[in-house]
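Take a first walk through this structure. Keep the sequence and the 3D view side by side as you read.

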Amino acid sequence: MSHQETQLQLGRRSFLSQAGFNFGALAAGAMLGDELAASELKSSLPHFAPKAKRVIFLTQSGGPSQIELFDHKPELPKLAGTELPDSVRQGQRLTGMTKNQKQLILPAITKFNRHGECGRLVGEWLPHIGSISDDLCFVKSMVTDEINHAPAMTKFLTGHQLPGRPSFGAWASYGLGSMNSNLPDYVVLISKMKRPSDQPLYDHYWGSGFLPSKHQGVKLRSAKDPVLYLNDPDGFPRELRREMLDGLAGMNRLHHTETLDPEIETRIAQYEMAFRMQTSIPDLTDLSDESDETFEMYGPDSRRPGSYAANCILARRLAERDVRFIQLFHPDWDHHSRLSSWCVSRCVDTDQPSAALVKDLKQRGLLDDTLIIWGGEFGRGVAGQGKWDSPEAGRDHHPRCFTIWMAGAGIKPGTSYGQTDDFSYNVVENPVHVRDLHATALHVLGIDHERFTHRYQGLDFKLTGVEPSKVVDDILA
């Protein structure tokens, strides 16, 4: 090799070596800058005095029918079997399941009863929720953009229809952190159905997206071991586990100083959380100290582990232990057929336990600082799916209007907000987009949604995204 070639080779090596160092320094600087920005953001939270310390999100997956449950339309029986007017439909998109059939009106197949001092009308399939109407705020003018389950639920929970964004619970954990170092900030409970559910629930519904993974929801199983691999093997003393974790944490911290990878800090934190959960989770999930009166209040299914009713009791126990965000999922609200039997079954599952949770929190003084949200990803359409006057009839998806209810800290009780047209098809007064729901819930937690961001790939992301969104002041106490 000539002297010139040798010098060129050395020059290449020097360049690559220096380039590697410089690129590494740039990457480390960027990561450090993001960490500093995140630290500065968190130090400013909450932005103002919060009304709520925690959230319980009672997520009804599949799209409960607002027409049968909450949105009373007394004139619809006169139009039964007639075609939905074009002036009402306005060319709005239908799913592939009903776009080729006539849109024949199916009135509500329930009666509505007035409840409480507020005189709220609630469908007869939800008598227990009706009985607590004076504690609830019904938002009847919810709007979303997605017509199919997965994108609609993804938007309902993350603010965007595509997977990859942090869920609402993850944002709450990221911004406000923990109130109990022995339990996760964000806990997820999924109903164990009496029959197999055909409503899929995807992990990204409670995922952390681009936030550090320590903020993702921790799913508790309805089994002997609520969290897998939590217990040490037989004969493995706790003191030895402590020494092992201390040594592992030391090695991980050394690695973090070299790479500044935030996932290493997450790993350290999760190992420590798992160690503490070995004591806290068995104490949480052991319902033997609950009174017979409590089980009676939550209903006959509350003694069945994993039922929605049992999970409502766990939600109250988690609230007592100051878990920041508690999310229950109950599937099978997707009633394209047999509305009169399947929807009734889901109401039986959830009506008494949901009402009991509100009453239980109230009598324990926890409702004053807990925000409760009940609802699904969209509603159901006024046209019958299938033969409209058959017991087999159902309803298709409908994103243009649906109903949720809220209760607790910061929410004006005994109220109803928003109005739909005479067909429960379009919002005609005070629309509330899913983004507005997120902005309002963050506000109750003391967070200004416009200022609550996380920098990722050079962009400042928000739960409420870049489209206009607002806090719904009229429903706030």
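This is a predicted model: local features need pLDDT of at least 70, side-chain atom pairs count only at pLDDT 80 or more; totals for chains, interfaces and linings use all residues.

Residues are numbered from 1 along each chain as its sequence is written, and side-chain values use heavy atoms, with hydrogens and water left out.

Start with the chain as a whole. Its secondary structure comes to twelve helices and 17 strands. Both are DSSP runs numbered from the N terminus: helices are H or I with at least four residues, strands are E with at least two. The chain has 477 residues, and 53% of them are buried. Buried means under 20% relative accessible area, exposed means over 50%, and partly exposed lies in between, using a 1.4 Å probe and protein chains only. Among contacts with a separation of 6 or more, 79% are between residues 24 or more positions apart.

Now turn to helix α6. How many of its residues are buried? Nine of its nine residues are, and the helix is mostly covered. The buried residues include F168, W171, Y174 and L176. A172 also belongs to this helix, which spans residues 168-176. A172 counts as buried because its relative accessibility is 0%. Leaving out residues up to four places away in sequence, A172 touches G177, R324, F325 and L445. V55 is 117 residues from A172 in sequence, yet their C-alpha atoms are 8.9 Å apart in space. G177 follows α6 and has a positive phi, near 70°.

A strand residue comes next. H115 lies in strand β2, residues 112-115. Its relative accessible area is 15%, so H115 is buried. Beyond residues up to four places away in sequence, H115 touches R120, V122, P127, G130, S131 and S133.

What about the cysteines? A disulfide is a pair of cysteine sulfur atoms within 2.5 Å. A search of the whole structure finds zero of them. C118 is partly exposed, at 22% relative accessibility. C137 is buried, at 0%.

Charged side chains are another matter. A salt bridge is a side-chain nitrogen of Lys or Arg within 4 Å of a carboxyl oxygen of Asp or Glu. By this rule the count comes to 30 salt bridges. Three of them are worth a visit.

One joins K53 and D369, with 3.9 Å from N to O. This pair links distant parts of the chain, 316 residues apart. K53 sits in the loop between α1 (3-43) and β1 (54-60), and D369 in the loop between α11 (339-363) and β8 (370-375). K53 is partly exposed, with a relative accessible area of 32%. D369 is buried, at 19%.

Another joins E75 and K78, at 2.7 Å from N to O. E75 is partly exposed, at 41% relative accessibility. K78 is exposed, at 65%.

An α-helix has 3.6 residues a turn, so residues three or four places apart point the same way. R316 and E320 are four residues apart in helix α10 (residues 308-320), so about one helical turn separates them. R316 is buried, at 2% relative accessibility, and E320 is partly exposed, at 35%. Salt bridges that share partners join D289, E290, R316, R317, E320, D360 and R364 into one network.

On a 1 Å grid over the protein atoms alone, a cavity is a set of points where a 1.4 Å probe fits but cannot get out, and lining residues have an atom within 4 Å of a point. Grid points are joined across faces, edges and corners, and a volume is the space filled by probe spheres set on the points. The structure has three cavities of 30 Å³ or more. The largest cavity holds about 50 Å³ of space.

Which residues line the largest cavity? They are V139, M406, Y417, V432, D436, L437, T440, V472 and I475. Helix α12 (residues 434-444) gives the largest share of this lining, three residues. By class, the lining has seven nonpolar, one polar and one charged residues. Here Ala, Val, Leu, Ile, Met, Phe, Trp, Tyr, Cys and Pro count as nonpolar, Asp, Glu, Lys and Arg as charged, and the others, Gly among them, as polar.

How values were computed
On a 1 Å grid over the protein atoms alone, a cavity is a set of points where a 1.4 Å probe fits but cannot get out, and a pocket is an open set with protein on both sides within 12 Å along at least five of seven lines; lining residues have an atom within 4 Å of a point. Contact means heavy atoms within 4.5 Å.
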